[in-house]
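Subject: Model handover

Hello,

Here is the model we talked about. Please open it next to this email. My notes follow below.

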Amino acid sequence: ERHALRLGAERMAERDRAEAELRAAEQRHRLLADNATDMILVIDRAGVVTYVSPASRELMGYDPDELVGRKPNEFVHPEDRDDVVRAREQVAADDGTITVTCRIRHRDGHYVWIEARVRRMIDAETGELREGQAIVRDVSERVKAEAALRESVERLAAAEQRFRTSFEAAPIGMALSDLDGRFIQVNDALCAITGYTREELEEMSFQELSHPADAGRDREMMDALLSGEQSTYWMEKRFVDVVGQVVWVAVHATLVRAADGRPQHFLGQIQDVSERVRYEAQLQHMADHDPLTGLLNRRSFERELNQHIHRIQRYGAEGAALVLDIDQFKHINDTLGHKVGDELIVKVAQTLRTRLRESDVLARLGGDEFAVLLPRGGRREAETVAESILAAVRAQSVVTAAGRRRPITTSIGIALFGESEGLSAEDVLVHADLAMYDAKEAGRNRWATFSSHERSPSRMKARITWAERIRDALEEDRFTLYAQPIVDVRSGAVRQYELLLRMLDERGEVIPPAAFIGVAERFDLMQELDRWVVKRAIRHMGEQRHAGRELVFEVNISGSSTGDPELLTIIERELRENDVNPINLVLEVTETTAVANIPGAQRFASRLAELGCRFALDDFGAGFGSFYYLKHLPFDILKIDGEF
């Protein structure tokens with residue numbers, strides 16, 4: 001009995017210790033739960049909450065007592081309840097834990113994303129589900145970050161798809177290349193530009209595709225982008241296509257960097273600009289060259305002269321300038337027609353080409369006047385070239401109206417660059433021009449060299465005196481206008497007049513234009529003459545209108561005046577002050593003059609149209625390619641050359 005009592009007492013003591021340890025463990029667990037940042041729930045077999053940790057205040061806005069006796073499903077977002085039910089069923093069926101993410105309602109009505117780690121508790125004696133425990137954590141920030149990441153990934157994927165679509169469908173060439181310039185990816189447009197297939201291009205680099213003269217520019221472009229010196233790079237360069245032809249392209253390149261700033265690859269946009277480059281080259285050629293002969297025009301020749309003058313200022317005087325014209329050309333033009341005159345000018349131009357070196361510069365200054373720049377040599381070399389030109393031109397001829405061959409000669413003036421210091425291009429041309437007139441006065445068909453020491457002062461003075469006489473006549477109003485009637489061949493009525501300029505000498509005698517127009521052109525006096533003519537014409541129109549007569553006047557102006565803004569200002573002012581109908585004023589320019597400066601003639605004609613005046617193109621057919629230029633000149637009246 002004593003033994004049995006002892007055993008019973010030991011068992012009771014052991015049970016008391018176990019219960020004490022259990023209470024202590026529960027106390028520790030309760031203490032941990034009460035101080036945990038995560039919300040801890042205990043749920044009975046009926047799904048009712050029997051315990052909630054104080055973290056519920058932070059997570060849900062409820063005191064623990066307010067949640068005890070309620071079911072968690074009440075607070076779950078409607079869209080998430082099915083997931084929670086499935087999770088609870090899975091916990092009941094399986095032995096273990098499960099994690100579920102859902103939204104639960106906060107006291108203020110908004111929903112909080114939580115992650116619940118649910119674990120079932122089994123009664124050790126009965127083996128039945130006793131209760132469940134859940135540890136609930138606020139994962140709103142994590143869910144927000146994951147959503148942002150997903151959205152970013154989706155945006156990135158969409159952007160990549162848009163880029164890929166734009167890349168492939170772009171109407172201009174597109175290329176991705178590595179940091180060495182080798183193509184990674186190209187589109188069909190670049191294949192069309194170069195003639196290579198994608199596979200071929202993606203085995204090549206920018207440098208291999210480039211014209212040898214432009215290959216170094218690719219390296220400059222990449223270095224500028226990699227160094228950060230430029231964020232984008234634009235250039236025009238040449239590619240060589242699959243059959244070896246040159247293709248002009250405009251390249252716009254950008255360096256693409258990773259998020260950390262590391263260079264990844266180059267993105268290039270390549271546009272075929274060959275047609276534009278060809279068109280610009282044609283326009284530039286038209287601006288720089290004479291349309292009849294294809295030689296440089298006066299402006300281009302003066303540019304070459306100025307460049308040579310800059311060289312000799314640095315390295316010393318060398319070379320010469322020659323000016324020549326065809327003897328008796330006006331007589332040939334008047335008797336045989338403009339067509340023969342044009343053909344002769346072309347023939348002389350071709351002859352001059354054969355007598356000059358590649359380094360020499362040949363130009364047509366206008367009319368039958370040519371100029372040559374010899375950049376090397378001195379007096380002896382220049383005179384040798386002049387003698388060669390004389391002989392070559394003498395070998396040419398024209399057929400007269402009687403069927404006879406008439407020989408052609410020329411007179412040449414030479415100006416040496418070492419003759420005087422500080423000369424401008426215009427000075428050199430004036431010296432050569434004066435020497436050419438010396439050659440003409442000496443009998444033509446010869447050359448003469450300008451010399452400031454040996455030159456006859458009387459002959460030089462004669463040229464300059466004519467220029468002074470023109471200036472004096474302008475100041476003293478000793479010019480007059482003759483009105484040549486233009487008759488309507490159907491009715492015989494005079495519809496309008498063409499004004500012809502004449503100069504009066506000191507005694508009032510009439511001087512024909514052939515005596516002074518050439519000098520006026522050489523001494524840049526034509527713009528002043530044109531201004532005088534226009535002012536006088538408009539004022540006379542005003543006087544006639546006030547007297548009851550409406551007159552239409554055609555006024556000839558020189559090519560240099562088409563670029564004179566003061567002339568347009570004068571026209572506008574005089575029309576307004578004299579109350580003249582602008583439609584009655586016709587400004588007339590010869591075709592060869594207009595073609596020599598198409599852009600200037602276009603601007604002049606357009607401004608005349610704005611003022612209400614008319615524009616006439618005279619001597620149409622005197623030059624080559626006349627029909628081509630009709631597209632570019634907005635004329636109102638076309639005066640067809642008689643020979644044409």
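Which strands does helix H9 lie across? Helix H9 (residues 215–226) lies across S8, strand S9 (246–257) and S10. It runs at about 160 degrees to S8. Helix H10 (residues 274–288) also packs on the sheet, touching S8, S9 and S10. The direction of H10 makes about 125 degrees with that of S9.

A few conventions. This is a predicted model: local features need pLDDT of at least 70, side-chain atom pairs count only at pLDDT 80 or more, and totals for chains, interfaces and linings use all residues. Residues are numbered from 1 along each chain as its sequence is written, and side-chain values use heavy atoms, with hydrogens and water left out.

Terms: helices (H or I, at least four residues) and strands (E, at least two) are DSSP runs, numbered from the N terminus. Strands pair if DSSP finds at least two bridges between them. Contact means heavy atoms within 4.5 Å. Axes are lines fitted to C-alpha atoms, for helices over the stretch in contact; angles run from 0 to 180 degrees between N-to-C directions.

First sheet. It is open, with five strands in the order S7-S6-S10-S9-S8 and antiparallel pairing. S7 (183–186) and S8 (232–240) stand at the edges with a single partner strand each, so one side of each has no neighbour in the sheet. The twist averages 30 degrees from one strand to the next. Five bridges join S6 (residues 173–177) to S10 (residues 263–272). Leu 176 has Leu 267 as its bridge partner in S10.

Best regards
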